[in-house]
Amino acid sequence: AIKLGAVSCDGSGTLRWMEGRPQEAGRQVVCSFGEGSSKVDLTPKDVNARTRVHEYGGVPYWIGADGAMFYTNFADQRLYLIKS
C-alpha cells in the first residue's frame, strides 16, 4: 500500500503530499493534482525525495510563495529546484 504524508497547501490552495511507494523500492515522490484533478508526480522518475534529516521527522520538500518547489534527492543529498 502507498503511504501518504507531509501534506501541504500553498497560498493558491494547491495541495501537495508525499507518497511512499513500496512497489518502487520505497521511493518517496512529491505529488499534486494537475489539470482535471488528475494526480501528477512533481519529482522526476529517477528521484527519491528523501533526506537523512527526513528520517528524524523533517520534510524533504518546500514550496515557495511563487509555487517553486525545492526538494532533496536521497542519492546525493543535494537540494534541487523546480520552478512553477
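I began with Phe 33, which counts as partly exposed because its relative accessibility is 45%; here buried means under 20% relative accessible area, exposed over 50%, and partly exposed in between (1.4 Å probe, protein chains only). The model is predicted, and local features need pLDDT of at least 70, side-chain atom pairs count only at pLDDT 80 or more, while totals for chains, interfaces and linings use all residues. I number residues from 1 along each chain as its sequence is written, and side-chain values use heavy atoms, with hydrogens and water left out.

I then placed Phe 33 in strand E3 (residues 27-33), strands being DSSP runs of at least two residues, numbered from the N terminus.

Next I looked up Thr 14, which lies in the loop between strand E1 (3-9) and strand E2 (15-21) and is partly exposed because its relative accessible area is 25%. Setting aside neighbours within four places in sequence, I found Thr 14 in contact (heavy atoms within 4.5 Å) with Ser 8, Cys 9 and Ser 32.

Last I turned to Thr 51, whose place is in the loop between strand E4 (39-41) and strand E5 (61-63).

Terms used:
Helix = DSSP H or I, 4+ residues; strand = E, 2+ residues; numbered from the N terminus.
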